[in-house]
Amino acid sequence: MKVLVIQNKMIGDVLTSTVICETIKKHQPNWEIHYMIQPNTLAVVENNPFIDKIVFFEPQKHKGFFKLISFGTSLASEKYDAVIDAYGKWESILPAYFCGAKIRIGFKKWYTSLLFTNIIIQEKNVEGSAVYHRLQLVEALLKTKPEIIFPKIYLTDTEINEAKIAMKERLDPALKIIMISVLGSGKSKSLPPEKMAETLNIIAEQEVQLLFNFMPNQQDEAKVIYDLCKPQTQQKIVFDFYTKGLRAFLAILSQCDALIGNEGGAVNMAKALNIKTFTIFSPWINKSSWNMLSDKENHIAVHLKDYFPDLYENKHPKEFKGKSLELYDKLDSNLYKESLQEFVKRISL
C-alpha cells in the first residue's frame, strides 16, 4: 500500500506531522510512505527512516485553484492508495482529492465531507493536541488506536562532528551552553524586548554561555534586546554564532544543554533532539496544544493563563490574538523567575 501524507506551511507543523509517517510505518513496515512538504522545511525531515519519499509543494508554483488541481492530477501517476491531509486548507485539500487515492482522510470542515472519504472530528480538551489530533488521522487509516509518540530529528555523525568543531572554536567547553530563542515568528509571539532582557539577566546569574537564535532579518531586533541586558549578561552572550542553513543549526542545537525562550519552531526542534527546554508562551497561543513532553524538570512551559486563569475563563486563547502585546505587559518575569532559576541551576550542575 502507498500512502501520501500532506503537511504544508510551517516547520513546527511539518516536524510534528512526522509522527503520522512513523506510526504508519511501525504498524505497516512494508507500506510506502510519501510526505508532501514545502521545500524550506526539508531540514527537519531529512534522514527520517520512516519516510520513503519527499514530495515538494511549492506555494508560488502551485498558486491558484486551477494550478492546485493540476498539481493534484500530476500526482495520480504515483497511484496512491490513501492520502492523509494534516493541513486542512485548499492548498492540501485539492491535491489530496485529485491525486486519485481511494482513501482520503482529513479533518472535519463544512466542505471536506464532499471531498474526503473519512472525516475526523478533533477531540477537545486533550493535552498535546497537536500530536493527538494527527494520530486521530492515523487511527482512521489503521483502524486501531495508536500510542502517543513524539517527533524526532535525525542528524548524521558528520553533521554532529562539524557542529562540535565549530563550537569548540568559539565557546568555552567548561561552561554549559544554552540556546536562546530570543524572538518568535512575529511580535505577537515574542516576549517584548525589556521582558526578554530581564529574562536573560535571570539566566545569566549562573555561569553559562548564551547563544542567540534569530533569523537574519531579525538581527536589529535581537541587538535591541542585547543592548537592554546588564553588562555582565552581555558578557555571557554569543551574539554572532551564525550557521549555514537549518541543518547546521540543528546540529549546533543538538550539542546545547538547553533551549530557553519564546515558543515556536526552535522549541519543537529542541524537543525532537532531546534537548531540555524552558518555553515562554505567547498569551494568545494555546499552551495545551503545543506543550509536548511537558514535565516538572526537563521541559518547563509558562503561560499567562498559569498566573491569571480568570482572564481566560470560558475563552480560547486565540480570542486574545489582537491583545497579545497588551497581555504581555502582565507577564512579568518575576512570575516565572523562581521556576527559571531552578531550571538553569539544574542545567548548570
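The radius of gyration used here is taken over C-alpha atoms, and the globule rule is 2.2 Å times the number of residues to the power 0.38. The model is predicted, so to speak of local features we need pLDDT of at least 70, side-chain atom pairs count only at pLDDT 80 or more, and totals for chains, interfaces and linings use all residues. Residues are numbered from 1 along each chain as its sequence is written, and side-chain values use heavy atoms, with hydrogens and water left out.

**View 1. The whole chain and its dimensions.** With 349 residues, a compact globule would have a radius of gyration near 20 Å, and the chain agrees at 21 Å. Its C-alpha trace spans about 60 × 50 × 35 Å along the principal axes. You can find 15 helices and 12 strands here (DSSP runs numbered from the N terminus: H or I of at least four residues for helices, E of at least two for strands).

**View 2. Inside the chain.** Buried residues (under 20% relative accessible area, 1.4 Å probe, protein chains only) make up 54% of the 349. Among contacts (heavy atoms within 4.5 Å) with a separation of 6 or more, 62% join residues 24 or more positions apart.

**View 3. Helix α7 against helix α8.** The axes of α7 (residues 193-203) and α8 (residues 219-228) come within 8 Å and cross at roughly 55 degrees; axes are lines fitted to C-alpha atoms over the stretch in contact, with angles from 0 to 180 degrees between N-to-C directions. P193, E194, M196, A197 and L200 of α7 meet V224, I225 and L228 of α8.

Conventions. Buried < 20%, exposed > 50% of the residue type's maximum accessible area, 1.4 Å probe, protein only.
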